[in-house]
Amino acid sequence: MKNKFILSIAVLMAFLFTQCTPVPSSSTGKLDRSKAPKAGEAHKVEIAKSQSFTLENGLQVFVVENHKLPQVSYSLVVNYNPIMEGKRVGMLNMFGSMLRRGTEKRTKEKLDEEIDFMGANLITYSRGIYASSLKRHSDNLLSIFSDVLYNPSFSNEELAKVRTESLSSLQSLPSSPEQIANNVVSKVNYGNNHPYGEVETETTLNAVKNEDLKDFHQTYFRPNVSYLAIVGDITVEEAKAQVEKYFAQWEKKEVPTTKYNSPKAAEKPQVAISNRAGAVQTVINVTYPVYYPLSSNDYVAARLMNGILGNSGFGARLIQNLREDKAYTYGAYSSLSPDELSSSFTMSASVRNDVTDSAVVQFLYELKRIKDEPVSKAELERVKASLIGSFVRSLENPQTVANFAIDIARYNLPSDFYSNYIQKINAVTVEDIQNAAKKYIKPENITIVAVGDQSILIEKLAPFGNIQIYDAFGEMAAQADQRILIGMTADKVIQNYLTKIGGKKWNEVTSMKKEQVMNVSGMQIEQKLFIQNQQKLALEVPKSGIKQVYDGKKAYVVTQGQKQELTATQTNSIKEQTFINPYVQYDKANGYSIELVGAQVVEDKSVFEVKVTHKDYGERLQYFDPKTGLLIKEVTAGGEIMIKDYRKVGNTGLLVAYKTEVNSPQGAYTVDVQKVEFNSTIDAKVFMVE
């Protein structure tokens, strides 16, 4: 029998306080709240000028003086062509972390110490480095900056830590439908032969070696493809002196470039489903690839068009339709971001299962409407005002001006691209919006990506196009062998399982003690579990003083002496786990019902999918291996549990799972059982809460 008990370490509560201020009685005129205020005339905005120079090694430098505060920031952008990572997908992200993990002269701890001492910041990523400090520390900061740039150590010890962090993040994937949807969107839009179609897996992360990081650093981190923005309390002359001192020795070298075939959209609407058994919501993405670079003549018109459709807050059409009018979702959005290689258009929302098909209908309606019908002048003016306001606010940050200068050089934009930006926005007409929609909106080429309960989605989405099933990493999912269902019923599946784990011997079990270790992000938490069959339960975390108890009537969590009673739902979840005898959980006399849903694939095996339902404890899906008869996976509203390493307990003849891997919305962790005892005496004080 597996341990299904999941300990809540902490309960976080947030309170939102709002204060309403009435309009003073002396106010002249009545405020009409039914109408949005009219936008005022756009003010002319003066953008600060950046000054630039180029070193002999090709490094282009942009300086923006801002003497309001005695601070300076340095932002290095390495503009290499997107690359295929192949069997080592995730290498670039790991490279970005490893740059900050020590140099040949400084350990990570030494780096942290020196940067903290100055009150500075230093951040690395796969395309560069950002650092900032008070001006008086700028030379010391650049000494560290250049050391990180030239001499990263890429030590085996730090790589192991970074890999562990990456793998830990990956473990939570099954409980993140949004990330699963992103993976599938990447695959259906770009495929396996495009850098934007690559998805990290455990295998690819484990394949990354130090040599890969070193080779990438030596090949792509070169000054002749790089830009350095310097912003703050510094003159151009001072900047030149610093750049010559710290970056002139950076050796230039030819950097490889690769051309990729443009991704092709689907020739007709299709549906891509990724299964999350038991999910009560569906994450929908309606998507296709497009070519939309920053240098497009209709860049501004297309951005405004997308704002009207689904990227301008509560006034956007998708929000007004799917949320305000239909109440299908909390939020519905669209995205169209420029990219020199390839872009994608996407509409997205998370909706209730029962309205999945209806939500797709409304997505398609809004696509067709914005393409076929002119937008209203009021809509256009609202989105113009929003975009102008956002642009003006961005100018408050001097770093923005430096980024503008880099964009102009990096993407070969007109020199007045940003200085005339507001005029370009104001010049866009209703006709321009419709022309942009006709160019970029392609209802005939969509792929509907849906992540949710496959058994529900296949029926609801079949009318929208040919259906293909994908796994969580965006690969075509293996299809279950339906022949295993021949002659099988839910009762037969359960009886095979119960016989395998010990049969009627479970009726002799009255109590159970377990010692186990919970592994969370590299942390090991020792736990002790006590169960009095169908009566009481206690879980203790000895070293932390945390205890969770069900005393037969109520459930509590105790943290450092502070007791909190759990809700009825939480109590029911714990109460069910007092049933040591697995027979009880499939007995109709105890309120349970079982149904053989069908066959599914779990870890490349075709298995039985059984739904177990109870009026108080809810429902779960359980997956049984037809060859061993054992339960290998369970899905509940709280997440997914993989059940492994069955062993016999002493001479009892009872089989128990000694390892479980849990993926929940709160994160991923494993539980390893160290010791199991049946029918031993449990002190009554264990189940008491003072």
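**Salt bridges and a helix crossing**

Biologist: What makes the side chains of Glu576 and Arg620 a salt bridge?

Modeller: The N to O distance between Glu576 and Arg620 is 2.7 Å, and a salt bridge requires a side-chain nitrogen of Lys or Arg within 4 Å of a carboxyl oxygen of Asp or Glu, so the pair qualifies. The pair links distant parts of the chain, with Glu576 in helix H18 (residues 568–576) and Arg620 in strand E21 (residues 618–624), 44 residues apart; helices (H or I, at least four residues) and strands (E, at least two) are DSSP runs numbered from the N terminus. This is a predicted model, in which local features need pLDDT of at least 70 and side-chain atom pairs count only at pLDDT 80 or more, while totals for chains, interfaces and linings use all residues. Residues are numbered from 1 along each chain as its sequence is written, and side-chain values use heavy atoms, with hydrogens and water left out.

Biologist: How many salt bridges does this rule give?

Modeller: The count comes to 35 salt bridges, and Arg101, Glu157, Glu158, Lys161 and Glu165 are linked in a network of them.

Biologist: Why does Lys187 count as buried?

Modeller: Lys187 has a relative accessibility of 12%, and buried means under 20% relative accessible area, with exposed over 50% and partly exposed in between (1.4 Å probe, protein chains only), so Lys187 is buried. Lys187 forms a salt bridge with Glu475, the closest N and O atoms being 3.1 Å apart. Lys187 lies in helix H5 (residues 177–190) and Glu475 in the loop between strand E12 (466–470) and helix H17 (490–501), 288 residues apart. Glu475, at 32%, is partly exposed.

Biologist: Why is Arg323 called partly exposed?

Modeller: Its relative accessible area is 23%, so Arg323 counts as partly exposed, as does Glu324 at 46%. The side chains of these two residues, Arg323 and Glu324, meet in a salt bridge at 2.9 Å, N to O.

Biologist: Why are H9 and H12 called roughly perpendicular?

Modeller: The axes of helix H9 (residues 299–310) and helix H12 (residues 377–394) come within 9 Å and cross at roughly 110°. Angles under 35 degrees count as roughly parallel, over 145 as roughly antiparallel, 65 to 115 as roughly perpendicular and the rest as oblique, and H9 and H12 are therefore roughly perpendicular to each other.

Biologist: Which residues of H9 and H12 make the contact?

Modeller: With contact meaning heavy atoms within 4.5 Å, the contact is made by Arg303, Leu304, Gly307 and Ile308 of H9 and Glu379, Leu380, Arg382, Val383, Lys384 and Leu387 of H12.

How values were computed:
Axes are lines fitted to C-alpha atoms, for helices over the stretch in contact, and angles run from 0 to 180 degrees between N-to-C directions.
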